[in-house]
Amino acid sequence: MTNAIQRDLATAVELRAVTREYGSKQARVRALDGVSLAFPAGSWTAVMGPSGSGKSTLLHCAAGLERCTSGQVFLAGRDITNAADAELTTLRRREVGFVFQSFNLVGSLTAEQNVALPLKLAGHRMSKKDIRAVLASVGLGDRLRHRPRELSGGQQQRVAVARAMALRPAVLFVDEPTGALDSTSARTVLGLLRGMADTAGQTIVMVTHDPAAAACADTVVFLSDGRIVDRAQRPTAREVADRLAALEG
Amino acid sequence: MFALSLSTFRERWQLFLGAIVTVVLGVALVQSSLLVLVSGTSYVEAVTLLAMTLGIAAFLAIFIVGSTFAFTIAQRRRDLALLRLVGGSRGQVRRLLLSEALLLGVIGTALGVPLGLVVMRVQAWLLRDLGFVPATFAARWQDWILGVSAGIGLGVSLLGVLAASRRAARVRPLEALRDTGNAARVMTGGRWFFGLLFLAGSIALVTVSRFAGMDGAVPLSINATITAAVALSLLAPLVVPVLGRFAGGLVGANLRDGVRRSASTAAPLLVLVALVLGLSGTLSTMSEAGHRELQQDLAGDFVLASADVPRVPGILVASTETAVRTSLADPGEDEADDEEALVVDADAYQQVHRRAPVAGSLRDLHGTTVAAAGVPLGVMLAIDGVARRVVAVLPESVNAGPAYLLPRDSRPAIGPARTILRVEPGVTVPEAQPADEWIANQSSKQDSTNSGIMTVLMGLAGLYSLIAVINAVVIAAAERRGEFAVARVTGMTRAEVVRMALLESWAVAAIGLVLGAAAAAGTLFGIASAVSRISGSTPVSVPWQALVVVVAGAFAVVGLTSVCTSLSATRRAPVTLIAARE
């Protein structure tokens with residue numbers, strides 16, 4: 001229900017003049033330098049940039065995991081710039097999902113239990129049938145009872161994607177989803193994300209430096225030294241790679 | 001939440017093993033000590049020993065469960081952050097840990113109750129063997145103890161986990177995304193607060209114990225040892241890097257880097273040394289002081305173990321002193337206490353004892369009167385139903401002097417008696433013991449009681465510390481698998497890595513031992529000044545033998561565990577470990 005309402009809004013996440021600085025006075029590093037950026041609802045945006053360009057910081061600020069030094073962040077229609085921990089927790093339960101490079105599954109739980117965990121924490125029950133259906137849709141119908149360490153990297157990442165699918169968050173934040181995967185597994189995971197964007201209208205904010213991953217997105221935004229320097233609509237992997245090379249050169 | 005706790009428990013049982021053993025042991029010891037205590041309330045030495053066992057078992061159990069969980073929180077930061085990331089609230093994280101504590105308590109109780117039955121037999125046998133209870137003594141099972149045991153099991157677990165769960169709730173979701181989760185500050189506000197609070201508490205206890213009477217000084221100084229040990233183990237992270245500087249090289253750098261790890265390993269050793277030195281030092285200082293007091297007080301040449309003075313020429317004075325049990329009520333109180341008193345002949349008594357009353361005079365000790373310690377002149381005491389006036393105030397005594405003297409002319413004296421004799425030079429009384437020999441005998445009797453108590457308590461503390469130290473070393477080594485692999489890839493051989501870990505853990509053990517000695521030194525200072533206020537001399541007696549055993553044992557156990565765990569952590573080829581990150 002809430003998801004449907006949020007989707008009508010034009011922007012799912014918006015950053016207004018966000019600056020994020022680290023370190024003490026002598027060694028001050030500015031990871032984000034006055035970034036203003038809106039992520040449209042129902043579409044997949046990739047944020048690209050060389051190492052140290054502030055990609056991850058941007059994702060963390062947008063998801064409310066890190067506070068920005070100045071500026072404002074809106075998520076699912078709410079100002080979360082100075083939100084209290086309890087409010088952010090509720091937000092993470094209902095509006096925000098994560099898929100990360102390091103998979104981030106709870107090691108002691110099975111694939112099934114990992115998928116059901118966010119809903120369980122929010123106090124919702126999910127039927128066994130639904131959980132199995134979600135896992136089957138990512139091709140893990142026969143791996144329900146396996147723990148993360150009994151699965152390959154690609155399979156673990158698919159469990160993480162299934163977890164996001166089951167949650168159907170307003171925004172799915174994805175950080176280097178293919179960073180630790182071989183190319184076949186990477187293609188599978190990207191295909192699953194593309195499917196979520198197309199069929200369910202899932203809003204995805206993805207950070208990556210893999211041109212092939214970025215090329216799957218609807219829009220690609222280029223970040224360098226904490227500033228947005230370029231953007232492209234549905235570019236090919238080669239175009240992304242060329243622009244990235246230009247930035248790094 | 002409970003299901004998650006259960007699966008965490010199954011998955012990471014190594015982390016909890018130490019805590020489980022600790023709770024099981026705690027439940028067993030408390031249960032058995034209570035049962036034995038209830039069955040034998042009339043044996044003073046047994047009660048003292050059991051009460052101390054109870055206190056130490058409960059304290060150490062909470063302390064070890066607490067430090068184990070604090071340590072596992074540091075290890076599981078990533079998991080906990082992940083839980084927060086997918087929508088877990090702070091309350092849910094706390095509930096997760098508290099239900100782990102609940103599980104721990106249930107397992108601990110279930111295993112602890114049957115073990116307690118075994119411990120009860122051992123304890124009863126031990127008390128009989130030490131001669132604290134008669135040979136026919138046996139402890140009885142009581143049904144209500146089940147409730148107490150369950151309460152202890154759950155209580156110890158929950159109390160131990162409470163602080164850790166608060167810290168866990170503060171883990172930030174972002175930490176799930178960083179490789180190293182232990183960037184968190186070790187010296188948290190709470191750690192500072194409680195560290196300084198306990199330090200202030202132990203300073204206060206030591207100060208008070210200097211002015212408290214001898215009866216109060218011992219428990220006060222034992223409590224001071226415990227609080228000082230807790231304070232120093234909380235503040236240990238401050239000291240570890242300082243000492244790490246002395247170690248130098250890679251070992252020193254590792255010590256400074258792994259402050260929490262080092263402090264966790266050092267803590268149980270710290271507590272052990274503080275308890276061993278503090279307790280046994282207190283007891284041996286007391287018995288040494290008692291010995292000196294007897295020497296100063298006794299002006300006789302021979303001591304006879306009966307009231308029958310032999311007809312030997314040359315005896316100048318014979319002071320017969322009979323120990324009687326009396327029931328004594330303070331003025332205005334109905335309830336009477338059982339007290340031991342000496343029935344004496346005042347004139348003879350004064351001639352063989354040098355310690356004079358602090359007020360009044362023993363010359364007046366005739367008729368319905370009494371000489372008492374710690375009671376003002378002129379007060380009426382009801383002794384065995386007879387109202388007696390206090391005519392002399394006896395000096396405070398470390399442990400040898402009598403608390404009440406009754407005149408022979410007003411009290412029939414039936415009971416164990418001794419007679420102190422003063423003779424002309426050169427006269428010997430064959431039936432009697434020379435005074436020096438008698439004093440030495442008295443002291444060694446006291447000492448054997450003390451060493452009986454000490455052996456039991458130290459065995460107990462040693463057992464707990466053993467569990468805690470092994471636990472800490474094992475958990476720490478699991479964490480360092482990756483680090484060891486990196487060290488090997490950068491050119492260290494397996495033997496060098498193991499040696500590095502060994503040196504490091506020995507350095508940590510040394511830190512724990514030094515800090516524990518510091519905590520005990522404070523206590524001994526307190527008890528020594530309490531003794532010197534009463535007896536005028538300061539005989540600090542350091543139990544070197546126990547110290548040597550503890551130090552050697554600590555290095556052996558820490559070293560052995562360290563070598564075993566680092567060998568097992570480096571068994572696989574380093575490359576596989578670096579490549580396969582969780």
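**Entry 1: confidence.** I began with chain B, whose mean pLDDT is 81, with 93% of its residues at 70 or more. The model is predicted, and I noted its scores as ipTM 0.83 and pTM 0.69. I then looked up where confidence in chain B is lowest and highest. The lowest mean, 58, belongs to helix 16 of chain B, residues 574-579. The highest, 89, belongs to helix 5 of chain B, residues 90-130.

**Entry 2: make-up of chain B.** I recorded 16 helices and ten strands in chain B. Of the 582 residues in this chain, 48% are buried. I also looked up the sequence separation of its contacts: among those between residues at least 6 apart in sequence, 83% join residues at least 24 apart.

**Entry 3: contact between the chains.** I listed 19 residues from chain A and 18 residues from chain B in the contact. On the side of chain B that touches chain A, helix 1 (2-11), helix 4 (77-85) and helix 5 each supply at least two residues. Helix 1 of chain B gives the largest share, four residues. By residue class, I found seven nonpolar, six polar and five charged residues on this side of chain B.

Entry 4: I turned to strand 1 (residues 11-22) and strand 2 (residues 29-40) of chain A, which run antiparallel and are joined by eight bridges. Across this pairing, A:Arg20 stands opposite A:Leu32.

I placed A:Ala76 in the loop between strand 4 (70-75) and strand 5 (78-79) of chain A. Is A:Ala76 buried or exposed? I counted 23 other C-beta atoms within 10 Å of A:Ala76, so this residue is buried; the cut-off is 20 or more.

A:Arg168 is another case, with a positive phi of about 45°. I found A:Arg168 in the loop between helix 6 (153-167) and strand 7 (171-175) of chain A. A:Arg168 has 15 C-beta neighbours inside 10 Å and therefore counts as partly exposed.

Key: Residues are numbered from 1 along each chain as its sequence is written. Chains are lettered from A and ligands numbered from 1 in the order in which they are written. This is a predicted model: local features need pLDDT of at least 70, side-chain atom pairs count only at pLDDT 80 or more; totals for chains, interfaces and linings use all residues. Two strands pair if DSSP finds at least two bridges between them. pLDDT is the predictor's confidence in each residue, from 0 to 100. A residue is buried if 20 or more other C-beta atoms lie within 10 Å of its own, exposed if 12 or fewer, and partly exposed in between; C-beta atoms are placed from the backbone. Two residues are in contact if their C-beta atoms, placed from the backbone, lie within 7 Å. Ala, Val, Leu, Ile, Met, Phe, Trp, Tyr, Cys and Pro count as nonpolar, Asp, Glu, Lys and Arg as charged, and the others, Gly among them, as polar.
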